[in-house]
Amino acid sequence: MERLQKVLAQAGIASRRKCEELILAGKVEVNGETVTTLGTKADPNQDIIKVNGKPIKHEQKIYIVFNKPKGVITSASDPEGRKIVTDYLKGIKERVYPVGRLDYDTEGLLLLTNDGEFANLLTHPRHHVPKTYLATVEGIPHGSDLDKLKAGIKLEDGMTAPAEVEYKDIDTEKNEAVISITIHEGRNRQVRRMFDAIKHPVIRLKRVAFGDLLLHNLKRGLYRHLTKEEVQSLLNMAKSGNLNKR
């Protein structure tokens, strides 16, 4: 017997937190009875579990790394008709969803899966899985400006955690710089807001690493499946991050 939200997440319905919301909203049934209490346990091999009236299915777990182009929505649908990430996942029959988000103007490494437990581990704030970006910014930040990012900088939603920051390239003719920044949080548009705070707005932003998984030479708009070793390494990193913060 497992907690119902965990069973739903393992069946690829959504992340565990989203599954909790479905339960609280009264959209989940177990053996014909609506369940709205978190912590209710169920056996997916014996109980008939339905979400929005449809029985859940056990899908094979898949883990994908996708090089998201700029101008693509990290969402299952878009009312404005813009391209979404799943438009690029030809040949994937399972219903996958993103692990975290990349905003419309940001490109680079995006993980997708139908494993809710995997997604929850990698995105929960307490696990502190690092994410590395290359930010092309206006102007050439002084070392003291980067030190502010390294120490943590005040945003409208509070102080950021310390970041790892270093110069990658400087173009004096264009008056631009490329900065590598690694953060351990996942706030909305966080990297852009951090550079705004030091008066060096981001021109281009690309995520190049999630944990120890690197984008490498995966071409823009293409995806590949993670190896078992890569999946396990990400899980180990998330779990060790949680232990280190206790």
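In the predicted model, four strands form an open sheet in the order E3-E2-E5-E6 with antiparallel pairing; strands (E, at least two residues) and helices (H or I, at least four residues) are DSSP runs numbered from the N terminus, and two strands count as paired if DSSP finds at least two bridges between them. The edges are held by strand E3 (33-34) and strand E6 (54-55), each of which has a single partner strand, so one side of each is left without a neighbour in the sheet. Strand E2 (residues 28-30) is paired with E3 in the antiparallel sense over two bridges, and valine 30 has glutamate 33 in E3 as its bridge partner.

A further antiparallel pair consists of strand E13 (residues 164-171) and strand E14 (residues 176-183), joined over seven bridges. Within this pair, valine 165 has isoleucine 181 of E14 as its bridge partner. E13 and E14 make a hairpin with four residues between them, and in the turn asparagine 175 has a positive phi of about 55°.

Residues are numbered from 1 along each chain as its sequence is written. As the model is predicted, local features need pLDDT of at least 70 and side-chain atom pairs count only at pLDDT 80 or more, whereas totals for chains, interfaces and linings use all residues; side-chain values use heavy atoms, with hydrogens and water left out.

The domain assignment divides the protein chain into domain 1 (2-55), domain 2 (63-126 + 213-244) and domain 3 (130-210), the bounds coming from an automatic or database assignment. Taken over C-alpha atoms, the centres of domain 1 and domain 2 are 24 Å apart. Nine residues of domain 1 are in contact with ten residues of domain 2 (heavy atoms within 4.5 Å). The two domains bury about 750 Å² between them, with 39% of it on carbon and sulfur atoms; buried area is the accessible area (1.4 Å probe) lost by two parts on being put together, summed over both. On the domain 1 side, Gly12, Arg16 and Arg17 lose the most area to domain 2, together 56% of what that side buries.

One salt bridge is found across the interface of domain 1 and domain 2, the criterion being a side-chain nitrogen of Lys or Arg within 4 Å of a carboxyl oxygen of Asp or Glu. Arginine 16 forms a salt bridge with glutamate 117, with the closest N and O atoms 3.3 Å apart. Helix H1 (4-10) and helix H2 (16-24) are the elements giving two or more residues to the side of domain 1 that touches domain 2. H1 gives the most, with three residues.
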